[in-house]
Amino acid sequence: MEVHFDGKRALVTGAGKGIGRDTAKALVKCGAEVFALSRTQEDLDSLVQEYPGIHPVQCDLRDPEATGAAVESVGPIDLLVNNAGINIPQTFLDVTLDTFNTVMNVNVRAVLQVSQIIAKGMVERGTGGSIVNVSSLASKISAKACTTYCTSKGALDIMSKVMALELGPHKIRVNTVNPGIVMTNMMKKIGYDDPAMSGPFLSRIPLGKFAEVDDVVHAILYLLSDKAAMVNGATLPIDGGFLTS
């Protein structure tokens, strides 16, 4: 299945590394004009070196004023991927208000703010559009030391459904992808390429493997595309069947 985004303008947040970075590159390959937002200028510089046509947007989404200015500056957008997210592991009894507020600020508030700005433009132009929010399997299951992360992704899932409900009449589709463990460089550094660490998790995945970054990117491209023209308000697990166990 081929998808084409010729003439479309796309914004990807958290585009400096991992899923966001590869999504930005894939969108370019599919013909889109891509705006890549990251808080790390070094990551944006290296991304633009790889793909000179990408427009870098440096912004720390923890800052609402900076977020508003940065997103407004990119102009009209047809395709939005809210990928930026953070996790600060703490057990439930140790969660601080500062941690809770920081995680919710990036994982929920920033998605709300960015999506509002982009969707208002879509509505005003009457052109419709597609939004994909990168959630997590952590919205569906509990995980130790992930109180704030699981809570934020659960909130993101239901917010996405409300967005789909209210924006659908304007021909704007909103969906989420919900990956389990994805073998990014960060996850490999943590040790998930070590059978001793990965074994207990892999034993619960019927397909017997973790997702690769491309598995998530391909799902995002599908949901953004007209191939998914009747998919709206969906949460798509990318977990190899983990939720069936």
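I count axis angles under 35 degrees as roughly parallel, over 145 as roughly antiparallel, 65 to 115 as roughly perpendicular and the rest as oblique. Axes are lines fitted to C-alpha atoms, for helices over the stretch in contact, with angles from 0 to 180 degrees between N-to-C directions. Helices are DSSP runs (H or I, at least four residues), numbered from the N terminus.

The model is predicted: local features need pLDDT of at least 70, side-chain atom pairs count only at pLDDT 80 or more, and totals for chains, interfaces and linings use all residues. Residues are numbered from 1 along each chain as its sequence is written, and side-chain values use heavy atoms, with hydrogens and water left out.

**Entry: H1 and H8**

I looked up helix H1 (residues 18-29) against helix H8 (residues 213-224). Their axes come within 9 Å and cross at roughly 50°. H1 and H8 are therefore oblique to each other. The crossing is right-handed, that is, the near helix is turned clockwise from the far one by less than a right angle. In contact (heavy atoms within 4.5 Å) are Gly18, Ile19, Asp22, Thr23, Ala26 and Leu27 of H1 with Val213, Asp214, Val216, Val217, Ile220, Leu221 and Leu224 of H8. I sorted these residues into nine nonpolar, two polar and two charged. Here Ala, Val, Leu, Ile, Met, Phe, Trp, Tyr, Cys and Pro are nonpolar, Asp, Glu, Lys and Arg charged, and the others, Gly among them, polar.

**Entry: H3 and H4**

Next I took helix H3 (residues 64-73) and helix H4 (residues 97-125). The axes come within 10 Å and cross at roughly 30°. H3 and H4 are therefore roughly parallel. This crossing is right-handed. From H3, Pro64, Thr67, Gly68, Val71 and Glu72 meet Arg109, Gln113, Val114, Ile117 and Ile118 of H4. The contact holds five nonpolar, three polar and two charged residues.

Conventions
Helices (H or I, at least four residues) and strands (E, at least two) are DSSP runs, numbered from the N terminus.
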